[in-house]
Amino acid sequence: YLTIVKIEVTTEEAAYWLFETLNDRGLELSVTDLLKNYLLRQAGSYRSDAKRGWNQLQTKISRSNMPTFVRHWWLSANGIVREKELFRHVSKKYKSDGDIVGLLSDLNDAVDPYAALLDTSNSYWSNIDDPSRGAITDHIEELTVFRVTQCYPALLAVLGAVEDSKQIERAFKLITSVSVRFSIATSGRGSGSVEKAFSDLA
(Lines give C-alpha, C1' and ligand atoms only; values in the text may rest on other atoms or scores of the structure.)
Protein backbone atom coordinates (compact mmCIF):
# COMPACT_ATOMS: atom_id res chain seq x y z
CA TYR A 1 0.00 0.00 0.00
CA LEU A 2 1.04 3.57 -0.62
CA THR A 3 0.42 6.01 2.20
CA ILE A 4 0.76 9.74 1.65
CA VAL A 5 1.22 11.87 4.75
CA LYS A 6 0.69 15.60 4.60
CA ILE A 7 2.80 17.58 7.06
CA GLU A 8 2.22 21.30 7.44
CA VAL A 9 4.92 23.54 8.85
CA THR A 10 4.65 27.17 9.81
CA THR A 11 8.01 28.40 8.49
CA GLU A 12 10.40 27.66 5.63
CA GLU A 13 13.14 26.99 8.19
CA ALA A 14 11.04 24.22 9.75
CA ALA A 15 10.54 22.65 6.32
CA TYR A 16 14.30 22.40 5.77
CA TRP A 17 14.81 20.85 9.20
CA LEU A 18 12.03 18.34 8.53
CA PHE A 19 13.56 17.36 5.20
CA GLU A 20 16.94 16.65 6.76
CA THR A 21 15.41 14.80 9.72
CA LEU A 22 13.53 12.45 7.39
CA ASN A 23 16.84 11.50 5.79
CA ASP A 24 18.38 10.81 9.21
CA ARG A 25 15.44 8.51 10.01
CA GLY A 26 16.01 6.23 7.05
CA LEU A 27 14.47 7.91 3.98
CA GLU A 28 17.60 7.99 1.83
CA LEU A 29 18.04 11.12 -0.24
CA SER A 30 20.51 12.00 -2.95
CA VAL A 31 23.60 14.09 -2.27
CA THR A 32 22.07 16.79 -4.48
CA ASP A 33 18.88 16.90 -2.38
CA LEU A 34 20.83 17.05 0.86
CA LEU A 35 23.17 19.78 -0.37
CA LYS A 36 20.38 21.96 -1.70
CA ASN A 37 18.36 21.60 1.48
CA TYR A 38 21.33 22.32 3.74
CA LEU A 39 22.54 25.34 1.79
CA LEU A 40 19.09 26.94 1.69
CA ARG A 41 18.49 26.21 5.36
CA GLN A 42 21.81 27.66 6.48
CA ALA A 43 21.60 30.72 4.22
CA GLY A 44 19.28 32.46 6.69
CA SER A 45 18.67 36.06 5.66
CA TYR A 46 20.56 35.39 2.41
CA ARG A 47 18.17 32.59 1.39
CA SER A 48 16.90 34.41 -1.69
CA ASP A 49 20.52 34.86 -2.84
CA ALA A 50 21.22 31.19 -2.13
CA LYS A 51 18.16 30.10 -4.12
CA ARG A 52 19.26 32.24 -7.02
CA GLY A 53 22.80 30.82 -6.84
CA TRP A 54 21.53 27.23 -6.75
CA ASN A 55 19.11 27.84 -9.64
CA GLN A 56 21.97 29.27 -11.69
CA LEU A 57 23.94 26.06 -11.12
CA GLN A 58 20.99 23.96 -12.25
CA THR A 59 20.75 25.82 -15.56
CA LYS A 60 24.34 24.88 -16.38
CA ILE A 61 24.71 21.32 -15.17
CA SER A 62 22.29 18.42 -15.00
CA ARG A 63 20.92 17.07 -11.75
CA SER A 64 22.64 13.74 -12.35
CA ASN A 65 26.02 15.44 -12.78
CA MET A 66 25.62 17.81 -9.82
CA PRO A 67 27.11 15.51 -7.10
CA THR A 68 30.14 14.69 -9.27
CA PHE A 69 30.64 18.35 -10.13
CA VAL A 70 30.52 19.44 -6.48
CA ARG A 71 32.83 16.59 -5.49
CA HIS A 72 35.35 17.37 -8.23
CA TRP A 73 35.25 21.04 -7.28
CA TRP A 74 35.86 20.03 -3.65
CA LEU A 75 38.80 17.84 -4.68
CA SER A 76 40.31 20.72 -6.64
CA ALA A 77 39.98 23.11 -3.70
CA ASN A 78 40.05 21.04 -0.51
CA GLY A 79 41.45 17.56 -1.08
CA ILE A 80 40.19 14.00 -1.42
CA VAL A 81 36.72 12.97 -0.25
CA ARG A 82 34.39 10.12 -1.22
CA GLU A 83 30.97 11.02 -2.61
CA LYS A 84 29.07 9.51 0.31
CA GLU A 85 31.13 11.70 2.69
CA LEU A 86 30.75 14.88 0.64
CA PHE A 87 27.67 16.25 2.41
CA ARG A 88 29.26 15.77 5.83
CA HIS A 89 32.40 17.63 4.78
CA VAL A 90 30.48 20.50 3.20
CA SER A 91 28.19 20.92 6.19
CA LYS A 92 31.19 20.85 8.53
CA LYS A 93 33.12 23.56 6.69
CA TYR A 94 30.32 25.87 5.57
CA LYS A 95 28.03 26.87 8.43
CA SER A 96 27.24 30.59 8.48
CA ASP A 97 25.01 32.37 5.99
CA GLY A 98 28.06 34.20 4.64
CA ASP A 99 29.86 30.86 4.17
CA ILE A 100 26.93 29.54 2.15
CA VAL A 101 26.80 32.55 -0.15
CA GLY A 102 30.56 32.32 -0.67
CA LEU A 103 30.35 28.61 -1.46
CA LEU A 104 27.61 29.10 -4.04
CA SER A 105 29.62 31.91 -5.61
CA ASP A 106 32.67 29.63 -5.87
CA LEU A 107 30.57 26.84 -7.38
CA ASN A 108 29.08 29.19 -9.95
CA ASP A 109 32.59 30.33 -10.89
CA ALA A 110 33.59 26.70 -11.43
CA VAL A 111 30.48 25.37 -13.17
CA ASP A 112 31.17 26.91 -16.60
CA PRO A 113 34.62 25.34 -17.06
CA TYR A 114 33.38 22.06 -15.57
CA ALA A 115 30.41 21.94 -17.94
CA ALA A 116 32.89 22.54 -20.76
CA LEU A 117 34.89 19.47 -19.67
CA LEU A 118 31.72 17.46 -20.26
CA ASP A 119 31.01 18.95 -23.68
CA THR A 120 33.69 19.96 -26.18
CA SER A 121 31.12 22.00 -28.14
CA ASN A 122 30.44 24.20 -25.10
CA SER A 123 30.75 27.93 -25.87
CA TYR A 124 33.26 28.24 -23.02
CA TRP A 125 35.98 26.99 -25.37
CA SER A 126 35.58 30.08 -27.56
CA ASN A 127 37.64 31.85 -24.88
CA ILE A 128 40.65 29.70 -25.82
CA ASP A 129 42.83 30.84 -28.71
CA ASP A 130 43.37 28.69 -31.78
CA PRO A 131 45.13 26.33 -32.34
CA SER A 132 45.23 25.50 -28.63
CA ARG A 133 41.43 25.19 -28.53
CA GLY A 134 41.41 22.23 -30.90
CA ALA A 135 44.25 20.50 -29.08
CA ILE A 136 42.57 20.94 -25.69
CA THR A 137 39.20 19.61 -26.85
CA ASP A 138 41.00 16.66 -28.49
CA HIS A 139 42.53 15.81 -25.12
CA ILE A 140 39.08 15.96 -23.48
CA GLU A 141 37.63 13.67 -26.14
CA GLU A 142 40.48 11.24 -25.55
CA LEU A 143 39.64 11.16 -21.85
CA THR A 144 35.99 10.59 -22.74
CA VAL A 145 36.86 7.63 -24.97
CA PHE A 146 38.79 5.98 -22.14
CA ARG A 147 36.14 7.03 -19.57
CA VAL A 148 38.75 8.76 -17.44
CA THR A 149 37.41 11.40 -15.06
CA GLN A 150 39.76 11.12 -12.07
CA CYS A 151 41.85 13.96 -13.46
CA TYR A 152 38.95 16.42 -13.75
CA PRO A 153 39.78 18.18 -10.45
CA ALA A 154 43.26 18.97 -11.81
CA LEU A 155 41.86 20.12 -15.16
CA LEU A 156 39.34 22.31 -13.34
CA ALA A 157 42.13 23.84 -11.27
CA VAL A 158 44.11 24.59 -14.42
CA LEU A 159 41.16 26.36 -16.05
CA GLY A 160 40.58 28.37 -12.88
CA ALA A 161 44.19 29.47 -12.43
CA VAL A 162 45.75 29.75 -15.89
CA GLU A 163 44.79 32.27 -18.57
CA ASP A 164 47.38 31.64 -21.27
CA SER A 165 45.97 29.24 -23.89
CA LYS A 166 49.33 27.64 -24.62
CA GLN A 167 49.96 26.92 -20.96
CA ILE A 168 46.48 25.40 -20.62
CA GLU A 169 47.17 23.23 -23.67
CA ARG A 170 50.47 21.99 -22.23
CA ALA A 171 48.89 21.19 -18.86
CA PHE A 172 45.99 19.31 -20.49
CA LYS A 173 48.40 17.35 -22.68
CA LEU A 174 50.48 16.24 -19.68
CA ILE A 175 47.48 15.41 -17.47
CA THR A 176 45.73 13.51 -20.26
CA SER A 177 48.85 11.52 -21.14
CA VAL A 178 49.42 10.43 -17.54
CA SER A 179 45.73 9.63 -16.99
CA VAL A 180 45.24 7.56 -20.12
CA ARG A 181 48.51 5.64 -19.71
CA PHE A 182 47.65 4.82 -16.11
CA SER A 183 44.15 3.71 -17.11
CA ILE A 184 45.49 1.41 -19.82
CA ALA A 185 48.26 0.00 -17.63
CA THR A 186 45.94 -0.78 -14.72
CA SER A 187 42.75 -1.57 -16.68
CA GLY A 188 40.97 1.02 -14.56
CA ARG A 189 42.07 -0.47 -11.23
CA GLY A 190 43.61 1.81 -8.65
CA SER A 191 41.57 4.81 -9.76
CA GLY A 192 41.34 6.00 -6.16
CA SER A 193 45.09 6.47 -5.87
CA VAL A 194 45.35 8.42 -9.12
CA GLU A 195 42.38 10.55 -8.14
CA LYS A 196 44.10 11.41 -4.86
CA ALA A 197 47.28 12.29 -6.75
CA PHE A 198 45.41 14.65 -9.05
CA SER A 199 43.51 16.13 -6.10
CA ASP A 200 46.81 16.83 -4.35
CA LEU A 201 48.17 18.33 -7.58
CA ALA A 202 45.18 20.65 -7.90
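Me: At roughly what angle do the axes of helix α2 and helix α6 cross?
Reply: Roughly 130°, and the axes come within 8 Å. Axes here are lines fitted to C-alpha atoms, for helices over the stretch in contact, with angles from 0 to 180 degrees between N-to-C directions. So α2 and α6 are oblique to each other. Oblique is what remains after under 35 degrees (roughly parallel), over 145 (roughly antiparallel) and 65 to 115 (roughly perpendicular).

Me: Which residues make the contact?
Reply: From α2, Tyr38, Leu39 and Gln42. From α6, Asp97, Ile100, Leu103 and Leu104. Contact means heavy atoms within 4.5 Å.

Me: What classes are those residues?
Reply: Five nonpolar, one polar and one charged. Ala, Val, Leu, Ile, Met, Phe, Trp, Tyr, Cys and Pro count as nonpolar, Asp, Glu, Lys and Arg as charged, and the others, Gly among them, as polar.

Me: What sort of model is this, and which cut-offs apply?
Reply: It is a predicted model: local features need pLDDT of at least 70, side-chain atom pairs count only at pLDDT 80 or more, and totals for chains, interfaces and linings use all residues. Residues are numbered from 1 along each chain as its sequence is written, and side-chain values use heavy atoms, leaving out hydrogens and water.

Me: Stay with α2. Arginine 41: buried or exposed?
Reply: Arginine 41 lies in helix α2. Its relative accessibility is 5%, so it counts as buried. Buried is under 20% relative accessible area, exposed over 50%, partly exposed in between (1.4 Å probe, protein chains only).

Me: How far is arginine 41 from aspartate 97 in space?
Reply: 9.0 Å, C-alpha to C-alpha. Along the sequence they are 56 residues apart.

Me: Zoom out. How many helices and strands does the protein chain have?
Reply: Ten helices and zero strands. These are DSSP runs, numbered from the N terminus: helices are H or I, at least four residues, and strands are E, at least two.

Me: What share of the residues is buried?
Reply: 41% of the 202 residues. As for contacts between residues at least 6 apart in sequence, 61% join residues at least 24 apart.

Me: Pockets now. What is the volume of the largest pocket?
Reply: About 190 Å³. A pocket is an open set of points on a 1 Å grid over the protein atoms alone, where a 1.4 Å probe fits, with protein on both sides within 12 Å along at least five of seven lines; lining residues have an atom within 4 Å of a point. Grid points are joined across faces, edges and corners, and the volume is the space filled by probe spheres set on the points.

Me: Which lining residues are closest to the centre of the largest pocket?
Reply: Trp73, Asp109, Ala110, Leu156 and Gly160, out of 13. The elements giving two or more residues to the lining are α4 (66-77), α6 and α8 (152-161). α8 gives the most, with five residues. By class, the lining has nine nonpolar, two polar and two charged residues.

Me: Back to α4. With which residues is valine 70 in contact, leaving aside neighbours within four places in sequence?
Reply: Leu35 and Leu86. Valine 70 sits in helix α4 and is buried, with a relative accessible area of 4%. The C-alpha atoms of valine 70 and tyrosine 114 are 9.9 Å apart, for 44 residues along the chain.

Me: What is the phi of arginine 147?
Reply: Positive, about 55°, although arginine 147 is not a glycine. Arginine 147 lies in the loop between α7 and α8. At 76% relative accessibility, it counts as exposed.
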